[in-house]
Every structure is written in structure tokens, then in C-alpha cells.
Amino acid sequence: MSKITTELLLERAVPRSTRLRKIETLNLSKLQLKTGDLDPRLFSRLRHLQKLDLSDNLLDKFPNSLTLPDLRVLNCNNNQLEDVTALKQFPLLEELTYENNVYLTVNDDYKVMFLLKNLRLLNGKDITKLANHVRRLNSRRLTTKVTAHWEKFFRDQLPEKHTAEQVKSIKKKFLKSVQTNVVCGPSALSEFTRWRVKMIAEEFLAYSLGLDLNTDTEPEEMMNENEEESTESPREAAEDVGQVGDFSSYINNVTVKPSKRKRKNAKSGSRNKRSKSQANTEEEAEDVSAEPLHFLQCHSKGNSREDFKTQLWSCVFEPLLDCGARKDPIVSSSRTVATCGGESVCLIDCETGTVLKKYKVATEEFFSVAWTTLTMVISDSRKKSHNILAAAGRRGIVKLIHVAADFCYGEIKAHKKPIATVCFSPTQETHLFTASYDKRIALWDIGIPDHDYNFKASQLLVLEALSVPLRIALVPTCPDQYLLAGCEGGCLAWNIKLDKEQKSRPFEAIFQFPGEDGGMTTSHSVDGLAFLNDDVIVSKSSKRGCIYLWSWSRSFDAKGKGCQRTVSAVILAELEWSKTDLSYLTLSTCPAKDYVFCGDENGSVWMYNLSNHTTAWSSGKGKRSDKRIPPTQILKWPELRANREQLSEVLVNNVVSDPTFTYLVVLTSVNITAIWKTS
């Protein structure tokens, strides 16, 4: 590997030179250079260097003190750059190229346009007009919004005579709040916007108010997105980015007008009773509210606006990265969600409703998506975390997508029949479970791709089921030992510990639940399955339209001997839900808030706040109640019109919240993704 020396610099000069101070053009491309090879002491002698070519190397960043005061042209193509802010040390730079640096995004383009006042060409394109807009108009708009945010929410919090501690506290709160709530432009530029907002806010505090910026020596903490009230309404944010789909919605002042549509499968008496129950529970939980933000039509076949038939099946929020240049220090819970249905997988910003990315396979119908965070070695044994999305469906193939690089780098031919659902292990980042219509659940090690995206996947385990597995869940207290599956023919458990020699395994236990005749039975279809906490399981049976809460530890004896044994589920409670017998209307949980969610056949979302029950259940003293627990709230499907016709017969196939219960994403049978926000 080449190291930069005085002799090398003289040799690579164009033309060759005898003195460093005379070099004006320098070609250091294709030398396998790393950041540590750029010695500031040596480069400081290149006082008259105007053109520098560093393309086709291994640079991940620039040192902050290269001291090239006359540099005008810089080529950094085909490197591994993660950040561009250090380029501000070259104020005279006029031409800059950094194509094929996979970790750089459009946000970095906007950063260099703002930082380099003389920049004319970026990646071969004239950016003069856009750069002027970024530096002037965009800055004025953001400054106005930052000032308004201070005036509305923080001005009155600072006493006229304030102490250093009060200054420190108000500054910290303001910087967090303003970066989260000041929105301007498309979501794809949200990182750039937060970067500029922080810069403007610090200048505002320092010069307009005279607050000392150096009073806060503590590192910034992450915060919830809903920590402060937003300065923009959801409607204003939508106007900045535009909506997907062609809907007119009867939503006045962001308040839903409930649909008056009657339930098909309920009698009038039961309907009236249900409405009364709903009213009572809403009075008891006035602090629980949600407002609709967006209704998106982004999974259409062939991008057709007439497609209201594509079924949407699965969604999961992107995990936050724990390290790396792309870490967002402001947002403690991701607002980006992956959704799938039909031939496409979409990434959506829940706050703005922007479809950030879309991945399509014309011959596929996607049923399930799952995230994992892989720790990859990128250069010089240096590790970096990247989010990888797995998507699978009718073809039985798992697609592996590196989202930040917009690249599907591989696939695993996992099953010969469709894959119903997938999930990653929370403890083993490369372990992926795939549940298929071949009545098997496979455990795969997807491997870790190298810099060229070469990877090796291997099958570690095959679990044999009696029927098609529809939902799977790893036991939180022992995710490397036990897996549960809700199947068309019952609920099963397997021992998945890998120190066992047996690669193909039968189920270890099948659970009994109350039957229609009052007895216990193992024969029922379980199309909803999730853990509410470390012990409480929530499962849904489509036959009776019932949702059970039951205890894992009190139902399953890990010391029990023998396979395929029958075990009675210890029922803790039953949730009041729709009378429908339709299948595949699955449920989900938000463990941090003790919430359960389940959609129904009328487009409604049933929400259950179980925080008043979990303490008794965890102590083991709670007895099963004879009464069903009613929903805390039911979000009714609003009256939406598409092509001047009201959308009807809306089934909610899935509903998922982010970990902090800020956003609720609802997937329907009519190709609409509905996004609600709680307050």
C-alpha cells in the first residue's frame, strides 16, 4: 500500500516538479490511499495547489487541516466518504466531484452547496442557481421558522433575570425541539434541514438573545419526536412534499368524520351495545387521541392510480443506527417505515408522507418485510453499522436490500412455496426466520456482505409444522431457545437452540385454547401473534373473532419432557373485538406503552391500553376475568373518496406503531396506507 512522501508528490505532479510549493496540479488517484495517509504537515507545503485528483482510493473522510488555500478543483470519485463538512476548509473550491461514494446522499450535496460559496460545478453539473437558492432563500425561510418556534414555545420560559443553569437548560431544550419540529422542503432533505436548523438556532441564541453557546458541555441526548408541539400542521407539511394518490378526504381541521357504514356481520342489537362500550372507554381515556396525517396509494400495480385492489400486508419501522456518520442524534424513534404489498416495497417518512424509496419486482407479491442491522467491515478493519431490509412473498425468495445504498445486493431461494412471514433474531443479527406455505419454518444465516456485496447464506434449521405458519414470534426472555408460531391449524412452539444436533425438528408443544363448545381444543387458526411484554402473549383466532392474552411462563414448562406434547394455555384475559370470522386481519403490540392494536373488516383500528392489567399479570396473582376487556379507543375509517366515489369495504390487514407510539401505520385491502399520529 502506497504511503504519501515528498518524492511521491513530486513524481505525481502534472507536470513533474522539483519543489512542492510549485505544484499546481496533482494526481493521487488509484493509490489505495486511506484517510490516515493524508498527512496535513506534508500537504501544508502545497501552497499553490489548484487541482487535486484523489479518485479511486479508500478515503472515508478528510482531515480537518490539510491547508490547501488555493485549491479550486477536487475529484473524490469512487471512495468511501461518509461526510463532506470538512470540505469547508477549501473556500475557493469551484469544481467538486464525489460520485460513487455510496454513503453520501443528496443531503451532502446541499451541505457542500451551502458551505462552499464559490462552488459552480458539482459532479459535473452547474449548481449556481440551486446553490444561491440554498444559501439565501432556504436560509431565510428556516430563519423565520426558527424565530417563530422560539417566540411561540420558548420565549416565555426564560426569566428576565436568568442564571447560567437556566440558560443551559433552555438552550438544550430549544435546540432539540427546533431540529425536530421545524420542517421545510421534502423529507429526503430532512438531514440537511436539521443540520441547517441547528446552525441557525445556535446563531439566533448567540446573537439575537445573547445566550452563551458554550454553557452546555454535556453531549446531546436523543429525544422523542413528539417531545414538543410542532410549529407546522400536518397539512402544511404535506403541502411541502405532496401526497401520493388522488384522494379527497372529509377531514376538517385534522379531525376525522366517522363513517356511518354499518357492520355486515353484526346484528343491530350488538352494534348498539358496541357503540355504548366504545363511548364509555373513550370517556375514561380522554388523554389518548390520534389524528390522521396521510392516506397514501404507493403500491399500485404499474403505478396505476386506478388500483384499489392491491392488498397491503406487512410494515415495520426502521431501527435507529447506534453508530456511524448517519446516526441522527435528535430522533430517538425512527419515523421511517417499510411497507409491502403487491409487487413493491416502500419506505415512507411517516411525518411528511413522502415515499423515500420504492423497490419493485414485477413477478412478485410481497407478504412480509423485516429489518436487521449488520455490522460490516468497510476498510482497514473498521466497522460500520448498516440497516438491511429483508422482503419475501409469493415466490419463496428473500430479497436483501441495503437501503442506504439503494441496492438489492442478493437473494435467498428459501422455499419452493410462498413465504408468509419473516423475522430476524434480536440477538443474532444475521439469523433470519422464514415461515412458508410448505408448512416449514427455516432459520437462515444470511451472512455479512463484504465491500463488493459478496455474501454467503446457509440454512441452519428447519422446523416442521402441522399446517401453514402465518405468524411467528421469538420468546423475549430466551430468543435463542424458543419460537412460537400461529398456524392455520393451531399455535405451536419449537426448541430452536443450535447446540442440538437435530437440524430438522418437530414442534415441542401445541397449545390448547377454549373451544366453541366450552372445552379446550388445539384446532383453531391463529392469524395474529405477538408478545406484549416478556411473558404475556397476545394471539388472535379467526374462527371465533377472539383475542386472547395468555402467559408463556405459566403455560409452557421448559423442563417438560418429550416432543409434540399438548399444553393448555393459561388465559389471562380476552379482548372485546369484532364479530367477523375473516382471516389474516392480524394484530400487533407496543410493549413500551402496553398497547395492543388490531384492525377489523370495516377499516377501523381497535386500540387497547392494558397498562392497568400488566402489573397483576406479571405478579402471577391476576385471575382471568369473566368479562372481555373493551377497547380503549376505536379509530374509525374516515370517509375517503377516490375518483369521486367513496371507498368502501375496507379491511385492515395490519396495523403497527413505532416503539414510542408516536405513529400508527394502517395497511388495508384497498391499496391505501393510512398514517395516524398520536398526541
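Strand 34 (residues 587-590) and strand 35 (residues 595-599) are joined by 4 bridges and run antiparallel; strands here are DSSP runs of E with at least two residues, numbered from the N terminus, and two strands pair if DSSP finds at least two bridges between them. The model is predicted, with local features needing pLDDT of at least 70, side-chain atom pairs counting only at pLDDT 80 or more, and totals for chains, interfaces and linings using all residues. Residues are numbered from 1 along each chain as its sequence is written, and side-chain values use heavy atoms, with hydrogens and water left out.

Within this pairing, Thr589 has Val596 of strand 35 as its bridge partner. The two strands form a hairpin with 4 residues between them, and Asp594 in the turn has a positive phi of about 60°. In a regular strand the side chains alternate between the two faces of the sheet. Strand 34 has Leu587 and Thr589 pointing one way and Ser588 and Cys590 the other, all of them buried (under 20% relative accessible area with a 1.4 Å probe, protein chains only).

Elsewhere, 6 strands make up an open sheet in the order 1-2-3-4-5-6, with mixed pairing. Its edges are strand 1 (25-27) and strand 6 (125-126), each of which pairs on one side only. Strand 3 (residues 73-75) and strand 4 (residues 95-97) run parallel and are joined by 3 bridges; the partner of Leu74 in strand 4 is Leu96.

In the model, the end C-alpha atoms of residues 412-446 lie 8 Å apart, and the span is 57% strand and 0% helix.

Definitions and conventions. Buried means under 20% relative accessible area, exposed over 50%, partly exposed in between (1.4 Å probe, protein chains only).
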